[in-house]
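Work through the exercises below with the structure open beside you. Try each task before reading its solution.

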Amino acid sequence: MSLTTDIDYGTPASTSEKLVTLTIDGMRVSVPEGTSIMRAAMEVGNKIPKLCATDMLDAFGSCRLCLVEIEGRNGTPASCTTPVAEGIVVKTQTERLKQIRKGVMELYISDHPLDCLTCSANGDCELQEMAGVVGLREVRYGYDGENHTKMGKDESNPYFTYEKSKCIVCNRCVRACEEVQGTFALTISGRGFDSRVSPGMDENFLTSECVSCGACVQSCPTATLNEKAMFDIGTPEHSVVTTCAYCGVGCAFKAEMRGDELVRMVPYKDGKANRGHSCVKGRFAYGYASHRDRILKPMIRSSIHEPWKEVSYEEAIQYAASEFKRIQEKYGKRAVGGITSSRCTNEETYLVQKLIRGGFGNNNVDTCARVCHSPTGYGLSQTYGTSAGTQDFDSVEKADVVLIIGANPTDGHPVFGSRLKKRLRGGAKLIVIDPRRTDIVRSPHVEAAYHLALKPGTNVAMVTALAHVIVTEGLVNEAFVRERCDWDDFQEWAAFVADARHSPESVEKYTQVPAEQVRKAARLYATGGNGAIYYGLGVTEHSQGSTTVMAIANLAMATGNIGREGVGVNPLRGQNNVQGSCDMGSFPHELPGYRHISDDATRAAFEAMWGVHLDDEPGLRIPNMFDAAVEGTYKGMYVQGEDILQSDPDTKHVSAGLAALECLVVQDLFLNETANYAHVFLPGCTFLEKDGTFTNAERRIQRVRKVMAPKNGYADWEVTLMLANAMGFKMDYAHPSEIMDEIAALTPAFTGVSYQKLEELGSVQWPCNDKAPTGTPVMHIDGFVRGKGKFMLTEYVPTDERTGPRFPLLLTTGRILSQYNVGAQTRRTANVAWHPEDVLEIHPHDAENRGIRDGDVVKLESRSGATSLKAVISERVAPGVVYTTFHHPVTQANVVTTDFSDWATNCPEYKVTAVQVSPSNGPTPWQEEYEDLSKKSRRIAVEAAE
Ligand code: SF4
Ligand code: SF4
Ligand code: SF4
Ligand code: FES
């Protein structure tokens, strides 16, 4: 294995279709118009010396190292900023150029510490490389003049250092922060000799606006900005390309290794989802993989009140299998089930559902997508015929108007957020529908045309009001609708939305958004050119989540914003493999590929391949599993990679269900909160330790590649395989690629997918089959998957969760950039530097009424329960609305959330809870108990491991 080094072409590729032909060093080359001479030279294999240029950034032309001569032109222009022209003759290597370049390098080196041998970037430094390239062997000026070589270091960022003395002021970091990340955290302060890179107003990196995405570190040609791991471990010597295991963007990384130690994760330029960018989580927050809390040996116990006993895999698996068999004999075949994880690979998820359907003999399988994007699956399949987003991420570059509903891309999907901001800086207009003023509403050089700050729980009223304006003001794209959609359904829908009760003026009493703003936003979306909708859990996690998804789908059809680049309906998926876990048949009513379990032909195909009879009755959904457990009819469960106690609503009910189980098998990295109720603990392994695939929000299937051996001995798919065989259900695979071959053989949208194809193409977006052998970047181009697009009626029904005198405020929840969901991984990394605890955002008006000051500990109480946390006074939320995150178990926002859920899918209504907030003296009783239980349980496990 070797280190994969990306070729840097110096400047970005031109997208022009017109070719220009020129001669470089005697060689003719044809390149797209607008290409720089530097990039054209690379095409013929001539690497022009450079320092300030990189193909991730627009050319800047400051270092003067890349000069060339052009016949018939005066001077020596910079090749990075000079575009090609028809017929020009360029020389990149002449005596004059050599002397100029040496002179430039001499100046740089005379003001640079000469500690190359001990420098962390030794061998990985462009300055060092360029000194060699231009043939610099001595510095005539000496090193004694005024210089910067004694300047200090900023080590405030947990992951990288800023060593000012090594800065050559090439500006690459500043431009990376602006152009790629869009944060504008860096400036060059001072002038001339005194100029230096500065985070914010001469702050340190940690306290500045920097979000630690690493783009500046990656772009720095010297050791000035460098990963701390390069000091600790040394330079990497081989790399493996793999996929981030955090969010649904699906960034590709080169895991750069020294031996079996991970030195750094470098965003992969050929990654089609991220195009060489990353966020703080994927780039830096992988330390959990080697955290001491990891449980590496299987454990069993006969009761949850007993201490854990460390055992062999064989004993743990036999114990689990015998318990499941005992329970089924005593309580019936359907008394057991399992939960798959959107954090695990497609292959692992497929195996778990196969084990449950084939080995347990029932369909009691569900996934954590139940609590996030199940309404997306339902809503989009009803209207368009397929349960997935319609576009690739590249599509946003062609959007003219972007409508974001209930999503916070800069925190939740940061790399897509950066791409979106770039398009907005390029001129696209933005409409945001969100109760909270998220960063995308106003950030450097980005400002939403309209922010419709609606009251939580009124999405359907709002989106239907937008449709009302579009229909009643004659903004429907009738040609599109007549050709592509069911005309009768459309007419019924148009009459429905045109009714006065759906007008912005009528719904203002629910949404609290001025009608005129809604009208203007609707006009902009319908008439502003390519209109693209992106939405998140602020749409789905409601009692009318599925209805809102259908209302969004209606809006795109009515305006013709579907079926080409730049438009579409795009769910921003929370977890890395939400799309995949749904595709793989994790729902109790659907086999892989979204085919209903009651369909005889589909079942027959699986029965033939698996050699078992399949139950044709849909199984239990997650909330029904807890209900059945409390009722005493559901007794055993296998949970892979999900901390349901923390992530599911109404914690008291969940814990009552878990406590009633006779056998709970938890497979995870850590002894999570759910494991407090487990009888068997099977160690899980991280994405760094296994092979497989993830499917991101674009339907893009990407390889996860093993970069180190599983610390716990087995990959997760191997453990499931052992459990299936112990249950008497024969499974036999030598490698996850064989599991994918089986998925492809049984699933029409995957028939063209194989590991070999993924090696060849890098990634593919499903459907990938005979009709689309290289995949499908944009769906519904010539027609909807279901045939004609179906308009659905979307009556607004206010949630049963109402505010009143006892609970007068509405709580809504979300994520923050540096932490991830229940925090199991990110809390075990240095990311806690940015978010050590969950806090409650409360409007100044509501805080003052309650005598709450910024930083006070407050009690947050609902009908379901109470917790306590710190208050932050903020105008990001409107009066009457409070907001918190759910990353820390000691706060556990889900103690407060209710068991109301989406009418179609049971997705919990996390985003609307009536609450009261009051001053508090400290933790609530359950928090004190939790601390005790959790500490005790963790101590026993860690002691067992040691
Ligand atoms: S920190 Fe690095 S990238 Fe930034 S100006 Fe200095 S040398 Fe260039
Ligand atoms: S880490 Fe990212 S956000 Fe921070 S300064 Fe560098 S580019 Fe900007
Ligand atoms: S944006 Fe998502 S996929 Fe990309 S690095 Fe960050 S967490 Fe990972
Ligand atoms: S690389 Fe062209 S001027 Fe620096």
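Two strands pair if DSSP finds at least two bridges between them. The model used here is predicted.

**Exercise 1. The closed barrel**

Task: Which strands form the closed barrel, and in what order do they run?

Solution. 
- Step 1. The closed barrel has 6 strands in the order β32-β36-β33-β35-β34-β37, and its pairing is mixed.
- Step 2. Take a parallel pair. Strands β33 (residues 839–842) and β35 (residues 866–873) pair in the parallel sense over 4 bridges. V839 has K870 as its bridge partner in β35.
- Step 3. Take an antiparallel pair. β33 pairs with β36 (residues 881–885) in the antiparallel sense, over 3 bridges. Here I842 stands opposite V882 in β36.
- Step 4. β34 (residues 857–861) and β37 (residues 913–919) are joined by 4 bridges. The bridge partner of V858 in β37 is P919.

**Exercise 2. Two partners of one helix**

Task: Describe how α13 packs against α16 and against α19.

Solution. 
- Step 1. Two packed helices are described by the angle between their axes and the distance between the axes.
- Step 2. Start with α16. The axes of α13 (residues 459–472) and α16 (residues 504–511) come within 10 Å and cross at roughly 165°. That makes α13 roughly antiparallel to α16. The cut-off for this label is an angle over 145 degrees.
- Step 3. The crossing of α13 and α16 is left-handed.
- Step 4. List the contact. By class, the contact residues of α13 with α16 are 6 nonpolar, 2 polar and no charged.
- Step 5. Turn to α19 (residues 545–558). α13 and α19 pack at an angle of about 20°, with their axes 9 Å apart. That makes α13 roughly parallel to α19. α13 passes α19 in a left-handed crossing.
- Step 6. List this contact too. N459, V460, V463, L466, A467 and I470 of α13 meet T547, T548, A551, I552 and L555 of α19. The classes for α13 with α19 are 8 nonpolar, 3 polar and no charged.

**Exercise 3. Ligand shells**

Task: How many nonpolar, polar and charged residues does the shell around each of ligand 1, ligand 2 and ligand 3 have?

Solution. 
- Step 1. Ligand 1 has 13 residues around it, and C167, C170, N171, C173 and C220 come nearest. Its shell holds 9 nonpolar, 3 polar and 1 charged residues.
- Step 2. Among the residues surrounding ligand 2 are C177, C210, C213 and C216. The elements that give two or more residues to this shell are α4 (172–181) and α5 (215–219). The count for ligand 2 is 9 nonpolar, 3 polar and no charged.
- Step 3. The residues surrounding ligand 3 include C244, C247, C251, C279 and K281. α7 (280–284) and α12 (414–425) each supply at least two residues of that shell. The count for ligand 3 is 8 nonpolar, 2 polar and 1 charged.

**Exercise 4. Backbone checks**

Task: Where does P767 lie, and where is D25 placed?

Solution. 
- Step 1. P767 lies in the loop between β31 (763–765) and β32 (809–814). The peptide bond from W766 to P767 is cis, with omega near 0°.
- Step 2. D25 is in the loop between β1 (19–24) and β2 (27–32). D25 has a positive phi of about 50°, although it is not a glycine.

Methods. Residues are numbered from 1 along each chain as its sequence is written. Chains are lettered from A and ligands numbered from 1 in the order in which they are written. This is a predicted model: local features need pLDDT of at least 70, side-chain atom pairs count only at pLDDT 80 or more; totals for chains, interfaces and linings use all residues. Side-chain values use heavy atoms; hydrogens and water are left out. A residue is near a molecule or strand if one of its heavy atoms lies within 4 Å of it. Ala, Val, Leu, Ile, Met, Phe, Trp, Tyr, Cys and Pro count as nonpolar, Asp, Glu, Lys and Arg as charged, and the others, Gly among them, as polar. Axes are lines fitted to C-alpha atoms, for helices over the stretch in contact, and angles run from 0 to 180 degrees between N-to-C directions. Angles under 35 degrees count as roughly parallel, over 145 as roughly antiparallel, 65 to 115 as roughly perpendicular and the rest as oblique. A crossing is left-handed if the near helix is turned anticlockwise from the far one by less than a right angle, and right-handed if clockwise. Contact means heavy atoms within 4.5 Å.
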